[in-house]
Every structure is written in C-alpha cells, then in structure tokens.
Amino acid sequence: TTQQPQVDNDGGHHHQQQDTPSEEEPPAPPRPTKFEVESCQFSHWYPTFRSIPKSSIQNATNYKLRKNVTIESNIIKPLPNEFIEYLLSDGVRLPRCAVRVSSCMKDDTADTNGDDGWNDSDDNDDDSSNEEVKQYNFPNLTSQIQIALENLGGNCMPKLNWSSPKDATWMNCGTLKCTKVGDVYLLLKSSEFVSFDLERAWDDLEPAITAEGETVENDQGNDDGKPPKDFEYELVLRKWCNLHPSMEFRCFIYNHELIAISQRHPTKFYSHLQLSDEDEVHPTTEIIHAFFETYVQRRFASGNKHRYVMDVYVDSQERTWVVDFNVWGSRTDALLFDWVELMEIGERVRDIEKDIGENGGEEVDAEIPMPELRVVTKDMKDLTYDPLSSFRGPTDVMNLMGAGNNDDGGFEPSSFKNFMEQCVPPSEM
C-alpha cells in the first residue's frame, strides 16, 4: 500500500511542525489478525449481506428496509489445485479451455476447436526449444465460469477471496468487465493483486489479543504465515454494474463506529461532491451513516470484529450498497486519510463512548461526532496520487493500444482492437 500525505480539512497537505520534535516515533500502522483476514474473505460476508432477515434489522430509519444490500455474485469453490498452480506459473499463457484472449478481439480469431489462439498445440512446439511449457486445462472450471456468466446476464467482474485484478485492466481493454471465460483467465493470470492473495495473504499478521490484552497463543497459528486448516481458495464472479466512480466511497470503522469516509478514487475532482455553504454535514455522509447503522453495524463478522474497512456505492436513488470489506491496517489503502490519523480518530471515539458509559449516559450515539467525509477539492486535485499508477502496461504496448487517446485519457476500444489484430498466435509464427 502506498503511503499517503496527511490531508487537512481544507484539502491542503498537513505537515507535522518541526519546531518541537517529539522524542517518540509515531505508532506503526496496525496489522490485521488472522481472524480479521478470514472475516474479509468474500464468502464469509457475502451471504450475510445478500439475504438479511428484516426482523433482525436494528436501528431502522425511515428508509424502506431492504433484504439485500450487495451486488449479486456467484462463488466457485473449491478451486482445483491445477488452477492455483496455473495462476502462479510464469508468463501470461491462457489454458487450452479458454475460447478467446480478449473480448476486444474479433470472433474469427478463435480456433475452431475452441482453444485459445495464443496457445501452442503439442504438435506445433518449437523443435529448437528443449524447455517444455506445461499446457493447463480445466474444463470443469471453465464450464462453471460459463454457467455463472450466463446467470449473471453475460457480464461479470472476477476476483479471488479478497482482491480483484484491477491492476491488470490494461490487459482487458482497460476494464474489469468480462464477457468471455478467456477474459476472466486473462485478468486473473496478469494480476499482482491476485498473486498477493495466493502467496502473501497470511503474512505479517498481528497476534490475536484477548479482551484482557493477552496474546492468543493457539489462534490456529495466528502469525505463522499459513492459512487456517479449513481454508479454500475461491473464485468470485460479480454481476457487472456500471458504477459511477464519483459515488464510490471507502468507510473506516473502529470500535463498531463509522469514524471516517473517503472518496474511493483519490485522483478525480467531482464538483457535485463539494460541500455547499448551507450544509454543515455532507448529505452523502448522512446517507452512508444511516445505512451503516441500519444494516452493517455489529453485523459484519457477527459483531465479533470492531475494526474494519468497507467499500460502498451510493446509487441515484440514494441507496447504499456494500461493494467489499477490507482489513483494518496498512495493507488497505487509507486514501485521503493516513493510518496514524485514523487510529487517533478511532481512539478519540472510543474515549467518548467510555466517558459517556462511565457517566451512565444513555444517549451515546448523540454524543459521537458524525464521520468526516473527505473528497478531492480544487486545491488538492493536482496533488493527489493514483494508487494504481505503478500498475501499467509497457510504454510501447500502451502506445500501440492507443491508451490515452480518448477524451478521458483512457483506452480507446477501437485502438485496442487494432492492436490485438496485430498479435500473431505462436502457431502462425
């Protein structure tokens, strides 16, 4: 995760004063525990928020109660060991069962036998090479993906237990949208985020702590770098929705309270997100806060985890949808905040609750401040950074593909299609 500059409420960069340097170093960003990592797996939280018994909803507002508050998805698990081996293998080489390299290619580029055009057959291997390249093939998984695609309306976004391959969209016409099985394989195989899920998800964890502050010694080997005994990799296919980036937000929860909200895409300035002079609290803050108290508070992980990060989307009808859950700590991007600052905010909220509890107050919620919503302002729009800036295609490839040629500086689909038509399958070289 890239470290963030701390940002003031007015949008400028905030630097610690140097006149009186502190002898104490700032606290290290928090690390997640193994249970927190488990709880953020897609299959652990999705059923909870896809089908909510209305009788269990607490703190109901005047909003119409909803049964589900997340996007329709299909989960495929367990995944075959060969598929995991394929994802970890070197190079970007699609399995035999993939039909097309990319949906941006013309239909006639696919082989008549259904194999992917970029794959050699055993009969056409280069005789001058002594190194054998393993040919992967998992027809059952391909069939499952195809069925899921059809159930989701023909379009989906793939991810593994935690991460989507957003760093590899340059391989798929600049989008996570998949319409073919080959698109799913291509994105997953090209992604470093997916590789992190496979190789490092259980690294550098914090030992579990009891309520008394004692370290849990036998928490399934909490910090041993190994997954739990019953752990399974999963492939998630989410129904494709055209979400407007300006209405995606990241929420930070500590001590079961929503303490901060950040614009999800910190490189974009949106005029409609700016706080008007008439509003003391941003209207979007009120919408997300009401949603959190009604549907999420003490529901995530059955209320057993008090700190986590939640990504949400607010639609045109002012309905909020859960997009994802992430662990509290430095492996999750704090965006327009930083983790030291978030920990300080969280501890202040905890202290407020503690003081009110000790005084016997019953109106705890009324005393806790509304979370601050940070968005990119005019003053800071040129100072923000792109978290995905280090995940780009080679410059020469990007030039061939026509990246940056459209009005938004993004991909021009026709240029990408022309680029793909120039690619010669190895069997034809």
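**Labels and their grounds**

Guide: Ile84, Leu87 and Leu88 in H3 meet Val194, Leu198 and Glu199 in H6; contact here is heavy atoms within 4.5 Å. The residues of this contact of H3 with H6 are five nonpolar, no polar and one charged. Nonpolar covers Ala, Val, Leu, Ile, Met, Phe, Trp, Tyr, Cys and Pro, charged covers Asp, Glu, Lys and Arg, and polar the others, Gly among them. This is a predicted model, in which local features need pLDDT of at least 70 and side-chain atom pairs count only at pLDDT 80 or more, while totals for chains, interfaces and linings use all residues. Residues are numbered from 1 along each chain as its sequence is written, and side-chain values use heavy atoms, with hydrogens and water left out.

Visitor: Why are H3 and H6 called oblique to each other?

Guide: Helix H3 (residues 81–88) and helix H6 (residues 192–199) pack at about 130°, their axes 10 Å apart. Angles under 35 degrees count as roughly parallel, over 145 as roughly antiparallel, 65 to 115 as roughly perpendicular and the rest as oblique. H3 and H6 are therefore oblique. Their crossing is left-handed, a term for a near helix turned anticlockwise from the far one by less than a right angle.

Visitor: What makes Leu237 buried or exposed?

Guide: Leu237 has a relative accessible area of 0%. Buried means under 20%, exposed over 50%, and partly exposed in between (1.4 Å probe, protein chains only). Leu237 is therefore buried. Leu237 lies in strand S3 (residues 235–239), and beyond its neighbours within four places in sequence its contacts include Ser73, Ile145, Met157 and Val184. Cys178 is 59 residues from Leu237 along the chain, with 9.4 Å between the C-alpha atoms.

Visitor: Why does Phe196 count as partly exposed?

Guide: The relative accessibility of Phe196 is 27%, so Phe196 counts as partly exposed. Phe196 is in helix H6. Leaving aside neighbours within four places in sequence, Phe196 is in contact with Ala201 and Arg331.

Visitor: Where does pLDDT stay under 50, over a stretch with 41 contacts beyond four places in sequence?

Guide: That stretch is residues 108–128. The pLDDT is the predictor's confidence in each residue, from 0 to 100. Residues 424–429 also stay under 50, with eight contacts beyond four places in sequence. Where pLDDT is low, the predicted coordinates should not be read in detail. The protein chain averages a pLDDT of 79, and 68% of the residues score at least 70.

Technical notes. Axes are lines fitted to C-alpha atoms, for helices over the stretch in contact, and angles run from 0 to 180 degrees between N-to-C directions. Helices (H or I, at least four residues) and strands (E, at least two) are DSSP runs, numbered from the N terminus.
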